[in-house]
Amino acid sequence: MIAVLARVRSTLCLMTTPIDKPAIRRRLLAVLQGGVGAAADQARTEQTGAEIDPGTAYNIDDLGQSDQDGEFRAEMQGVAAGAREAINRLKKIDVTPADTVRPGAVVSFGGDNYFIGVAASEFTADGRTFTGVATDAPIYETIAGLRRGDRFTFRDTEYLIDDVV
């Protein structure tokens with residue numbers, strides 16, 4: 001469903017050093033697994049806040065707070081479920097060498113580098129910083145299938161694909 005493009009920021013745009021895509025995937029898995037744990041912990045905390053002891057007196061404010069805590073808990077459970085789905089997708093991504101932009105490729109353009117896999121907040125792996133972008137996002141839809149040396153326009157700015165690995 002959602003594959004991702006993870007952005008790599010470095011002072012080098014061209015990937016002159018070898019890219020260890022399996023190491024990048026392992027680091028991204030660790031980041032996503034940490035997100036699942038944090039969201040699950042927050043959901044448990046909010047569940048405790050949402051519970052009203054039927055044996056004690058409570059007022060209308062208690063009910064309102066309980067409702068808010070319950071809604072936030074449901075939201076955190078959704079975040080955790082989404083991260084688990086992303087982990088499952090990432091485990092299946094082919095990280096073999098690529099010459100076109102596709103899930104599992106590392107792409108460089110506009111001074112940034114990208115790893116196509118699953119959505120993630122900024123993380124560091126293989127000496128570079130990555131940020132996840134889903135393949136159903138406009139940028140991925142624009143660059144999917146492109147090769148090194150291809151040009152594309154995104155949000156009124158022209159870019160050159162510097163490298164695809």
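Predicted model: local features only at pLDDT ≥ 70, side-chain atom pairs only at ≥ 80, totals over all residues.

Aromatic rings first. A pair of rings is described by the distance of the centres and the angle of the planes. How many aromatic pairs does a search of the whole structure find? Five.

Take F109 and Y114. Their ring centres are 4.4 Å apart and their planes meet at 15°. Planes under 30 degrees apart count as stacked, so this pair is stacked. Are F109 and Y114 buried or exposed? Both are buried.

Next, F152 and Y159. This aromatic pair is stacked too, with 5.3 Å from centre to centre and 25° between the planes. The two residues fall into separate burial classes. F152 has a relative accessible area of 5%, so F152 is buried. Y159 comes out at 22%, so Y159 counts as partly exposed. The cut-off for buried is under 20%.

Now put the four residues together. F109, Y114, F152 and Y159 make up one aromatic cluster.

On to the loop residue. Where is T100 found? Look in the loop between α2, residues 60-92, and β2, residues 106-109. T100 has a relative accessible area of 18%, so T100 is buried. Which residues does T100 contact, leaving aside neighbours within four places in sequence? They are A105, G145, L146, R147 and V164.

Side chains of opposite charge can pair when their charged atoms come close. The count here is four salt bridges.

In one of them, the side chain of R147 meets that of D99, at 3.0 Å from N to O. This pair links distant parts of the chain, 48 residues apart. R147 is in the loop between α3 (138-143) and β7 (151-154), while D99 is in the loop between α2 and β2. R147 is at 41% relative accessibility and counts as partly exposed.

Then R148 and D163. Their side chains meet in a salt bridge at 4.0 Å, N to O. This pair also links distant parts of the chain, 15 residues apart. R148 is in the loop between α3 and β7, and D163 is in strand β8, residues 157-164. R148 is exposed, at 53%. D163 is buried, at 9%.

Last, R128 and D126. The closest N and O atoms of this salt bridge are 3.6 Å apart. R128 counts as buried at 9% relative accessibility, whereas D126 counts as partly exposed at 30%.

That's my tour. Thanks.

How values were computed: Residues numbered from 1 in each chain as written. Heavy atoms only, no water. Phe/Tyr/Trp six-rings, centres within 6.5 Å; stacked < 30°, edge-to-face > 60°. Buried < 20%, exposed > 50% of the residue type's maximum accessible area, 1.4 Å probe, protein only. Helix = DSSP H or I, 4+ residues; strand = E, 2+ residues; numbered from the N terminus. Contact = heavy atoms within 4.5 Å.
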